[in-house]
Amino acid sequence: MTQMLTLAPTDALPGHALEVLLTEEQIQKRVGELGARITQDYANAREPLLLVGVLKGAALFLADLARCISRPLELDFVAIASYGVATQTSGEVRVLKDLEAPVAGKHVLIVEDILDTGLTLRFSYLMETLRARHARSVKVCVLLDKPARRRVPVTADYRGFEIEDRFVVGYGMDYAEHYRHLRYIAALTRNDAGLERV
Ligand code: IMP
């Protein structure tokens, strides 16, 4: 469910237009709900809960989500680059930053910014790695889901918003490293080319 709410022209680079899809208020409300659900779901778990944010896109989401979870919690980050073309379902990944915390015996919740085609190797790599390191359980929490783009059947255990097939930036997500700092999420269009996907 998305709607055009307002334009945010002052944050845009020359030649770009930002159309706000999710306001700061909407995001914070939903993150609070996700945090409450996660708190409830792990209420009876005796083992530690470790949130693993996938850099860089999930950094802001993880920071807010963690503060909405009321139970003992550990935080860690990974950065993973995938090789090969986007349509590949298997291949190599390069770990730019590995987990620092041991995961054995812990409940792990992977925190991602956006689930798009589902083809990135990051999910399968992380799942395999975490299981091989004897995590007690592994679940996935994504802020945004673009089901229209899905090409392989990946589902997230927790999902913030379902959005239409548009290229979005803000709240951690970037276009060429720009716009990550925005408090809202916007669809990016380029005025010159008139393209939705950049
Ligand atoms: P996929 O699900 O394998 O297609 O890849 C998802 C990843 O692609 C996300 O974690 C983002 O890093 C990136 N991505 C996909 N769509 C967008 C977008 O609209 N804006 C910014 N990054 C995106």
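Tutor: Buried means under 20% relative accessible area, exposed means over 50%, and partly exposed is in between. By that scale lysine 97 is partly exposed, because its relative accessibility is 24%. Keep in mind that this is a predicted model.

Student: What is the mean pLDDT of the protein chain?

Tutor: The mean is 87. Of the residues, 85% reach 70 or more.

Student: Where does pLDDT stay under 50?

Tutor: Over residues 194-198. For that stretch the model has 18 contacts beyond four places in sequence.

Student: Back to lysine 97. Which salt bridge does it make with an aspartate?

Tutor: The partner is aspartate 76, at 3.8 Å from N to O. Lysine 97 sits in strand 5 (residues 93-97) and aspartate 76 in strand 4 (residues 73-82). They are 21 residues apart, so the pair links distant parts of the chain.

Student: Is aspartate 76 buried or exposed?

Tutor: Buried, at 6% relative accessibility.

Student: What about glutamate 100 and lysine 97?

Tutor: Their side chains also meet in a salt bridge, 3.3 Å from N to O. Glutamate 100 is exposed, with a relative accessible area of 65%.

Student: How many salt bridges does the structure hold?

Tutor: There are 17. One of them pairs glutamate 24 with arginine 183, with the closest N and O atoms 3.0 Å apart.

Student: Which parts does the pair of glutamate 24 and arginine 183 tie together?

Tutor: Glutamate 24 is in helix 1 (residues 24-41). Arginine 183 is in the loop between strand 9 (168-169) and strand 10 (185-190). The two are 159 residues apart in sequence, so the bridge ties together parts separated by that span.

Student: And how exposed are glutamate 24 and arginine 183?

Tutor: Glutamate 24 is partly exposed, at 28% relative accessibility. Arginine 183 is exposed, at 57%.

Student: Now the inside. Which residues of the largest nonpolar core touch the most other members?

Tutor: Ile38, Phe61, Leu65, Leu143, Leu144 and Ile185, out of 30 residues in that core. Elements giving two or more residues to the core include strand 2 (16-22), helix 1, helix 2 (59-66) and strand 7 (137-145).

Student: What does isoleucine 38 touch?

Tutor: Leaving out residues up to four places away in sequence, isoleucine 38 touches Leu49, Leu65, Ile69, Leu109, Cys141 and Tyr158.

Student: Where is isoleucine 110, and what is it in contact with?

Tutor: Isoleucine 110 is in strand 6. Beyond four places in sequence, its contacts are Val52, Val54, Leu126, Leu130, Val138, Lys139, Val140 and Cys141.

Student: Buried or exposed?

Tutor: Isoleucine 110 is buried, with a relative accessible area of 0%.

Student: How many residues apart in sequence are isoleucine 110 and valine 54?

Tutor: They are 56 residues apart in sequence. In space, C-alpha to C-alpha, the separation is 7.4 Å.

Terms used. Residues numbered from 1 in each chain as written. Predicted model: local features only at pLDDT ≥ 70, side-chain atom pairs only at ≥ 80, totals over all residues. Heavy atoms only, no water. pLDDT = per-residue confidence, 0-100. Contact = heavy atoms within 4.5 Å. Salt bridge = Lys/Arg side-chain N within 4 Å of Asp/Glu carboxyl O. Helix = DSSP H or I, 4+ residues; strand = E, 2+ residues; numbered from the N terminus. Buried < 20%, exposed > 50% of the residue type's maximum accessible area, 1.4 Å probe, protein only. Core = buried A, V, L, I, M, F, W, Y, C linked by side-chain atoms within 4.5 Å.
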